[in-house]
Amino acid sequence: MWGYVVSLGSMQPYRGRSSGDKQMGNKEDQAQRLLNGAYALKNSNDNTRYYREFAPIYDEQFADALGYSYPQTIADVFVSEHAAGEDVPVLDIGCGTGLVAQYLVGSGEIDGVDLSAEMLGVARHKCVYRDLYCLDLTEGLGEMPRNYGGVVSAGTFTHGHLGPGVLENLLAVGRDGALYVIGINAEHFHNAGFEGAFSLLLRAEKITEYRKCTADIYRGSTARPDQAIIAIFRKSVALR
Ligand SMILES: C[S@@+](CC[C@H](N)C(=O)[O-])C[C@H]1O[C@@H](n2cnc3c(N)ncnc32)[C@H](O)[C@@H]1O
């Protein structure tokens with residue numbers, strides 16, 4: 001039968017489903033519900049509660065089910081931009097279950113920071129991080145080191161999570177000249193005023209070499225067209 005199904009946010013031609021397709025559809029529907037829940041969060045308390053439940057199923061029922069390619073893209077951009085042996089150690093902002101670090105193995109020591117103890121618990125089991133820090137990045141940096149040569153992030157600058165106000169905190173963790181590869185959901189980038197925030201940082205000479213590129217967040221972008229803007233820049237050497 002021909003028709004149209006509104007699935008994963010876009011209209012796709014539909015010919016009816018085999019039982020294999022149905023199973024796949026159920027998985028995608030569940031993953032989509034998890035994603036919608038994450039986008040609806042409003043503050044850090046919501047995030048803490050949501051990711052407590054999400055942590056044990058995040059990799060399989062969200063990342064694998066939706067073909068979440070964003071962590072690998074961020075890792076690939078970092079690897080292609082970094083100066084070997086210099087832009088380390090690396091800090092993964094909102095590291096969650098550790099998907100970015102899995103693609104950075106061999107690029108030097110990597111630490112992670114996240115609000116959710118449960119997400120960090122999953123990351124710890126993968127043994128890909130040197131140190132993990134549990135803190136709310138909207139509140140400050142606590143006892144975190146301030147000497148990172150590289151700072152990366154996937155999936156954390158998005159609706160209901162982190163906004164441009166946290167960029168100053170990010171700069172504080174990097175040493176002079178540190179390389180930043182920060183993924184920002186494209187809609188969030190425009191709605192929350194990231195362009196203006198980066199312009200201010202450039203004008204104040206707090207960052208240099210600022211560039212942007214666009215990437216799909218999910219493999220097979222016709223099914224889920226969400227995109228990220230990846231901001232690539234360095235912390236200015238003179239910044240204090
Ligand atoms: C969509 S997950 C991304 C995780 C991982 N980077 C990835 O790509 O799979 C967003 C992460 O941001 C974290 N997060 C949300 N708000 C935060 C905050 N205020 N401070 C630190 N981490 C936060 C959540 O706990 C969650 O692990």
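This briefing walks through the main features of the structure above, topic by topic. The model is a predicted one, so local features are described where pLDDT is at least 70, side-chain atom pairs count only at pLDDT 80 or more, and totals for chains, interfaces and linings use all residues. Residues are numbered from 1 along each chain as its sequence is written. The protein has 9 helices and 9 strands; helices (H or I, at least four residues) and strands (E, at least two) are DSSP runs, numbered from the N terminus.

**The whole protein**

- Of the 240 residues, 37% count as buried. Buried means that 20 or more other C-beta atoms lie within 10 Å of a residue's own, exposed means 12 or fewer, and partly exposed is in between, with C-beta atoms placed from the backbone.
- Two residues are in contact if their C-beta atoms, placed from the backbone, lie within 7 Å. Among the contacts with a separation of 6 or more, 69% come from residues 24 or more positions apart.

**The sheet**

- Let's start with some background: strands of a sheet pair through backbone hydrogen bonds, either parallel or antiparallel. Here, two strands pair if DSSP finds at least two bridges between them.
- An open sheet of 7 strands runs in the order β5-β4-β3-β6-β7-β9-β8, and its pairing is mixed.
- The edges are β5 (132-134) and β8 (207-216); each has a single partner strand, so one side of each is left without a neighbour in the sheet.
- On average, neighbouring strands of this sheet are turned by 15° against each other, direction ignored. Such angles run from 0 to 180 degrees between N-to-C directions, and the axes are lines fitted to C-alpha atoms, for helices over the stretch in contact.
- Val152 stands opposite Val181 in β7.

**Helices across the strands**

- Helix α4 (residues 70-81) lies across β6, β7, β8 and β9 (227-235), and runs at about 155° to β6.
- Helix α9 (residues 194-203) lies across β7, β8 and β9, at about 160° to β8.

**Helix α6 and its buried face**

- In α6 (residues 117-125), the residues Met119, Leu120 and Ala123 are buried.
- Viewed down the axis of α6, these buried residues fall within an arc of 95°, so they line one face of the helix. The arc is that of the directions from the helix axis to the C-beta atoms.
- The cover over the buried residues of α6 includes α2 (44-54), β4 (110-114) and β5.
- After α6 comes Cys127, with a positive phi near 55°.

**Backbone details to spot**

- Val88 and Pro89 are joined by a cis peptide bond, with omega about -5°. Pro89 is in the loop between α4 and β3 (90-93).
- Glu205, in the loop between α9 and β8, has a phi near 60°, which is positive in a residue other than glycine. With 11 other C-beta atoms within 10 Å, Glu205 is exposed.
- Glu209 is in strand β8, and its phi is positive too, near 55°. Glu209 counts as partly exposed because it has 14 C-beta neighbours inside 10 Å.

**Asp29 in helix α1**

- Asp29 belongs to helix α1 (residues 19-39). This residue is partly exposed, with 13 C-beta neighbours inside 10 Å.
- Asp29 and Gln61 are 32 residues apart in sequence, and their C-alpha atoms are 10.0 Å apart in space.
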